[in-house]
Structures are given as structure tokens and as C-alpha cells.
Amino acid sequence: MNRTEILHYLRTNSKVEDKRLLDLIDDCCKEVNRCVRPKTIHRIFDCTVNDDEVIVENQIFKSKRLADNMKGCKKVCIFGATLGTECDRLLRTYASTDIARATVLQACLASKIEEVCDGIEDELREQGMALRQRYSPGYFDLDIKENEKLFELMDITKRIGLTITDTCQMVPSKSVTAFIGIEND
């Protein structure tokens, strides 16, 4: 995992020389790598992009920002990624016993899920695809409730065990769903 990114999530300078903090980061990273088993699903769909919406199969995703991001794309990759339930268990355990470790662990897990998402993008690029920036429900004008449509479209719960609450929060907490516009066919 990327120590600089973890320090960023901790809102700390990347030139930190506090050996105790760096050792704690390294220890938490080892624990994350030992305990967490990421699961992902991704699928490429044809899409139609209008001024303020993206249409994928029978689902309409209302968002001017998403449409701007994907303007000119005829295909989209939609994905789900999760670190699994073990990350939530670790966070709960340390939140009640060692708040400093829980804070560092939270940053390490955030870095790990980003690494998993980057891996999906890398796989697509290796297949020769030119990609737009990934875009997730809950950002800007793409309502978090749009996650319901993504879950239905991809059958995410059945395929990777990621669930969604009544308020459209994902469980396990260290999970991501996103759109990635594909520039070339």
C-alpha cells in the first residue's frame, strides 16, 4: 500500500519522520494484507450519454457531471469492489480498544480499496481501453440512491456479497461502486 497516500488520509505530511507512526502504519498494512480478501465485479455495457443523464440498459442515471465526464463515450465499465466484512470487524475491534490503531487502520483500508479500484482500471487499460475518470454515486450531483440501480444492474450482492442499506450506504463499509467511461470501442 502507498504510505504517502495513507499519510494523506491521516491528514499528515508525507515527510513525517515519527518512527512510531510509520511503524504503526507498516504494522496496520501488514494486518490489512493478511486479513482482507477483496472481491470485485465489473462489466462493460453499451451506453447513451445525453446532456444530463447516462442510460445503461434500462437504467437512467441522472447527473450532469457524470454525463459531462462521459461525453462521447459509447461504452461504460460499471464495477463494484469490496474489502469484505473482515475490515469492518477490525475497525470495530480497534475502535473500542486502540483508537490510534483504528485511525491508522481506517487510512490503510481506504488506501487498500483505492488500490483495488486502480487494479480494475489497470486491467481495462491492459486490454487497450482508454478510460475516463471513475465516478461514483454520492459524488456531486449523482445521488447516492443511484447505487440501487447499479446493484440491480450488476447483481452485486449475489456476486460479491456487497449489500446496500435503506439509506444506500454499502456494507461492508470499505466498498466502492463506480462508472468508468470508455473512450474507444
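**Notebook: fold and salt bridges**

I counted seven helices and seven strands in the chain, taking both as DSSP runs numbered from the N terminus (helices H or I, at least four residues; strands E, at least two). The model is predicted, so I kept local features to pLDDT of at least 70 and side-chain atom pairs to pLDDT 80 or more, while totals for chains, interfaces and linings use all residues. Residues are numbered from 1 along each chain as its sequence is written, and side-chain values use heavy atoms, with hydrogens and water left out.

**Overall form**

I read the order of elements along the sequence as α-α-β-β-β-α-β-α-α-α-α-β-β-β. The C-alpha atoms fill a box of roughly 50 × 35 × 30 Å along the principal axes.

I checked burial next (buried is under 20% relative accessible area, exposed over 50%, partly exposed in between; 1.4 Å probe, protein chains only). Of the 185 residues, 45% count as buried. For contacts (heavy atoms within 4.5 Å), I took those with a separation of 6 or more, and residues 24 or more positions apart account for 69% of them.

**Salt bridges**

I used this cut-off: a side-chain nitrogen of Lys or Arg within 4 Å of a carboxyl oxygen of Asp or Glu. The structure holds 19 salt bridges.

I looked at aspartate 26 and arginine 3, whose closest N and O atoms are 2.7 Å apart. Aspartate 26 lies in helix α2 (residues 19-35) and arginine 3 in helix α1 (residues 3-9), so this pair ties together parts 23 residues apart in sequence. Aspartate 26 is partly exposed at 29% relative accessibility, and arginine 3 is partly exposed at 34%.

I then took aspartate 27, which forms a salt bridge with arginine 101 at 2.9 Å between the closest N and O atoms. This pair links helix α2 to helix α5 (residues 99-126), 74 residues apart. Aspartate 27 is partly exposed at 37%, whereas arginine 101 is buried at 10%.

I also noted glutamate 146 with lysine 149, again with closest N and O atoms 2.9 Å apart. Glutamate 146 is buried at 8%; lysine 149 is partly exposed at 23%.

Last, I found a network of salt bridges that links Glu114, Asp118, Glu121, Asp122, Arg125 and Arg134.
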